[in-house]
Amino acid sequence: MTTTTDLAIQAHDLRCAYGDFEAVRGIDLEIRSGEMFALLGTNGAGKTTTMETLEGHRRASGGSLSVLGHDPYTERPRVRPRLGIMLQESGFAGELTVVETVDMWLALSSSPLGEKHRRADTVAEAMDRLDLADRADTRVVQLSGGQKRRLDLVLATVTRPDLVFLDEPTTGLDPESRRRTWDLIETLRGSGTTIVLTTHYLEEAERLADRIAIMHAGRIAVEGTLAELVDDRPTQISFRRPEGVSSADIDRALRTVIGPRHLETVGRDGLVLDVVDAQQALVRLLGWAESHGHRLDNITVSQASLSDVFAQIAAGEQKQEVAA
Amino acid sequence: MSTAQQTKVIARTEGKLIARNKTVLFSATLFPLALTALYLIQDAEGPLAAAGLTSIMVAIFSSMTVYMTVTLTAVSRRQDLYLKRLRSGESSDVAIFAGITLPTALLCVAQMIVVVVVLAIIGFEVPSEPWWIVTAALGSIISCLAMGLGTASVTPNASAAQMTTVPYFLFVIGSVFATPFADSQLMDLTPGGAIVTFARMAFDVPTPGSALTAAAGLVIWTVIGIELARRFFRWEPRS
């Protein structure tokens, strides 16, 4: 059982509005300490507004919110020293060098790592970790997009905060930089840091997150572990329609051997079958083909993915539901 | 970490950014030189002329060096999301405002000191009560800081700042030139009129205004700037 003290973030019926427009329409969130939580969403779903409210940049228009035991907006001075925030866009003073930027950030923090006698070592170590050491004296304006994202990550993590918000941390990064960023995020999680991540890369959420929430139209459409999100989705069996057999014949036959299910024609002769029990359906399908002398070419079985869940939500087919 | 410490760090960084901005550096050097030259080439002599030129100096330095620079700095830093960055850390709002404006105010004070020192060396008219000039300078700098932040609150981007700063700038300069002709205590309620009154008091020149109404004038413009900023200032550009 999760107790309140185990929770880094707790929101109940959280609402955020811009004038008459309610961008976040009553969400419940519980993010445990030490957990990596991915907040995904369709465009305009309210994900950025939610993040900014959790970070304390915006005041909630309704509901309750506790971040590390405090209201992040009204009690900002108590919360911020324990937070690290990686903004979606850089926000640097371009004429400062990389090392000046990190040094200033540390000087503004109350972390012991920001104390004058330790600062130089902390800056050097942080830049080494994200491979920015050779750009230390480069002005920020001259950095590439990927290097700026890495500098962003340095600033978010250099004070070793308890809770880190990462807003699309790998957008614009090349595959190698993305892998290195993932490694750093996993190291952070390994050290017990609570991480809230937003990303457009679903494989990033699949790989990194302990739990995932997908927002749609200001509400959380689904929430749970990856397994919880995909387990009750049908598995797909696809194969090529045997020669001489019509789709209608196959549909009738499968209705008899497998029972009611969804069969879709893809392209000229591709068939996709949604099933709940993939093993049983596959055995019966192959049995039917064998007994009737049909050959099923290009047969593949694919489990539902986060992408499928996301696509269903984006298409508006998903009813609001929250996995336990 | 205290607000004062945060202000010091942000101000030190802002100072570096100003020092690396060639345009600001150029104007910071050029204005004192140009104004000193103005003192030297004018024919008028005596306390009245000295008070007039001192008023112009205070008005130009505070409206150009402080008001216009603060507006442009706040808008540019907001546009670059630098303000949002600072606000995502531990810094208080007061420390961020003070930190990004303090170097500009100090630059203005330095410019005024340079002009005063040069004038003292060449034997220009000495004010009998110099603290009124200090009052005028500080009051004008503070009101221009506040109005700069207020104007930044209603300025969408750096290009627009070149337009939105014009009315108040002209108002400050215009009221300095208009005050001697208006000959009314009501002019103390304009930013330029208040400066003229303090400058005249410094050189012991008769004035229809008073220290109280002149101070009230500068306070009013300070409050208007703060109120504009309090109501409309945004930390990031409108999306």
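Modeller: Chain A is divided into domain 1 (4–230) and domain 2 (234–303), with bounds that come from an automatic or database domain assignment. The C-alpha centres of domain 1 and domain 2 of chain A lie 45 Å apart. This is a predicted model, where local features need pLDDT of at least 70, side-chain atom pairs count only at pLDDT 80 or more, and totals for chains, interfaces and linings use all residues. Residues are numbered from 1 along each chain as its sequence is written, while chains are lettered from A and ligands numbered from 1 in the order in which they are written.

Colleague: What makes α6(B) roughly parallel to α10(B)?

Modeller: The axes of helix α6 (residues 131–153) of chain B and helix α10 (residues 211–232) of chain B cross at roughly 25° and come within 7 Å. Angles under 35 degrees count as roughly parallel, so α6(B) is roughly parallel to α10(B). Axes here are lines fitted to C-alpha atoms, for helices over the stretch in contact, with angles from 0 to 180 degrees between N-to-C directions; helices are DSSP runs (H or I, at least four residues).

Colleague: Which residues make the contact?

Modeller: Among them are B:G139 and B:A146 of α6(B) and B:W221 and B:F232 of α10(B). Two residues are in contact if their C-beta atoms, placed from the backbone, lie within 7 Å.

Colleague: How many residues does the contact between the chains take from each?

Modeller: It takes 20 residues from chain A and 17 residues from chain B. Helix α3 (residues 98–107) of chain A gives the most to the side of chain A that touches chain B, with three residues.

Key:
Helix = DSSP H or I, 4+ residues; strand = E, 2+ residues; numbered from the N terminus. Parallel < 35°, antiparallel > 145°, perpendicular 65-115°, else oblique.
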